[in-house]
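This report describes a protein model residue by residue and then as a whole. The sequence and structure are shown first.

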Amino acid sequence: MSTTRRDKNAWQWAMMIMTPEWIDRDMVETARRTVTSKKDAPALLDRVRWEHLSEGLAVQALHVASYDDEGSVLKTMHEEYIPDNDLVMTGKHHEIYLGDPRRTAPEKLRTLLRQPVVRT
C-alpha cells in the first residue's frame, strides 16, 4: 500500500520506542508479564514485543507541518527522489516524531520521514 494514502483506517502500523542496548527480549517479556498481572493492565499489552530495527541506507526528509500534510513529501520521496537516484525502496517506511502533538501547534510539528532503500 502506498504511504501517500491518508486513509488511516487502512494503515498497518506499529509504535516503537528506542531502548538502550542493554535491554533484551527477555527483559521486555518479564516487564510485559509483570504489568499483565496487575489489576488494570492495558488491553493491548499482549501485542507488546521487542523488535530490532536495522535499516541500513535510507532516504530521509524533515517534515515541518501537520502529520496530515505529509502526503506530498512522501509522494516526492517515493515517486521522484528514490527512482531518480537509482534507489529502490526496501524495508518499512517509518517516522520519528520530534515533538509532542499535545503541546505543539500542528503547523510546527517536526517529523523525520524515513524510507530504507538499496542502490540499483
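Thr-111 is placed in strand S4, where strands are DSSP runs of E with at least two residues, helices are runs of H or I with at least four residues, and both are numbered from the N terminus. Thr-111 counts as buried because its relative accessibility is 0%; buried means under 20% relative accessible area, exposed over 50%, and partly exposed in between, with a 1.4 Å probe and protein chains only. Apart from neighbours within four places in sequence, Thr-111 is in contact with Ala-61, Leu-62, His-63, Tyr-67, Glu-70, Glu-95, Ile-96 and Tyr-97, contact meaning heavy atoms within 4.5 Å.

The model is predicted: local features need pLDDT of at least 70, side-chain atom pairs count only at pLDDT 80 or more, and totals for chains, interfaces and linings use all residues. Residues are numbered from 1 along each chain as its sequence is written, and side-chain values use heavy atoms, with hydrogens and water left out.

**Overall form**

The protein holds 2 helices and 4 strands, which follow the order α-β-α-β-β-β from the N terminus. Its C-alpha trace spans about 50 × 35 × 25 Å along the principal axes. The radius of gyration is 17 Å, whereas a compact globule of 120 residues would have a value near 14 Å; the radius is taken over C-alpha atoms, and the globule rule is 2.2 Å times the number of residues to the power 0.38. Buried residues account for 20% of the 120 residues. Of the contacts between residues at least 6 apart in sequence, 64% join residues at least 24 apart.

**The nonpolar core**

Which residues form the largest nonpolar core? Its 7 residues are Val-59, Leu-74, Met-77, Ile-82, Leu-87, Leu-113 and Val-117. A nonpolar core is here a set of buried Ala, Val, Leu, Ile, Met, Phe, Trp, Tyr and Cys residues joined through side-chain atoms within 4.5 Å. H2 and S4 each supply at least two residues of this core, and H2 gives the most, with 3 residues.

Leu-113 has contacts beyond its neighbours within four places in sequence, among them the core residues Val-59, Leu-74 and Met-77. Its other partners include Gln-60, Ala-61, His-63 and Glu-70.

Met-89, in strand S2, is partly exposed at 40% relative accessibility. With neighbours within four places in sequence left aside, Met-89 is in contact with His-78, Ile-82, Gln-115, Pro-116 and Val-117; Ile-82 and Val-117 belong to the largest nonpolar core.

**Salt bridges**

The structure contains 6 salt bridges, each defined as a side-chain nitrogen of Lys or Arg within 4 Å of a carboxyl oxygen of Asp or Glu.

| Glu-29 | Arg-32 | 2.8 Å |

Glu-55 lies in the loop between H1 and strand S1 (58-64) and Arg-114 in strand S4, so the pair ties together parts that are 59 residues apart in sequence. Glu-55 is partly exposed at 21% relative accessibility, while Arg-114 is buried at 15%.

Arg-32 and Glu-29 both belong to helix H1 (residues 25-36), 3 residues apart, about one turn of the helix. Glu-29 is partly exposed, with a relative accessible area of 22%. In the remaining listed pair, Glu-51 is partly exposed at 37% and Arg-49 is exposed at 51%.

Salt bridges also link Asp-100, Arg-102 and Arg-103 in a network. Asp-100 is in the loop between strand S3 (94-97) and strand S4 (110-119), and its relative accessibility of 18% means that it counts as buried. A polar atom of the Asp-100 side chain lies 2.9 Å from the backbone nitrogen of Arg-102.

Asp-24 caps the N-terminal end of H1, with a side-chain oxygen 3.2 Å from the backbone nitrogen of Asp-26. The end C-alpha atoms of H1 are 16 Å apart, in agreement with the 16 Å that its 12 residues should span at 1.5 Å a residue; the expected span is 1.5 Å times one less than the number of residues.

Asp-86 occupies the loop between helix H2 (71-84) and strand S2 (87-89). Its phi is near 55°, a positive value in a residue other than glycine, and Asp-86 counts as exposed because its relative accessibility is 52%.

Methods
Polar contact = N/O pair within 3.5 Å; in protein donor to acceptor, adjacent residues only side chain to side chain.
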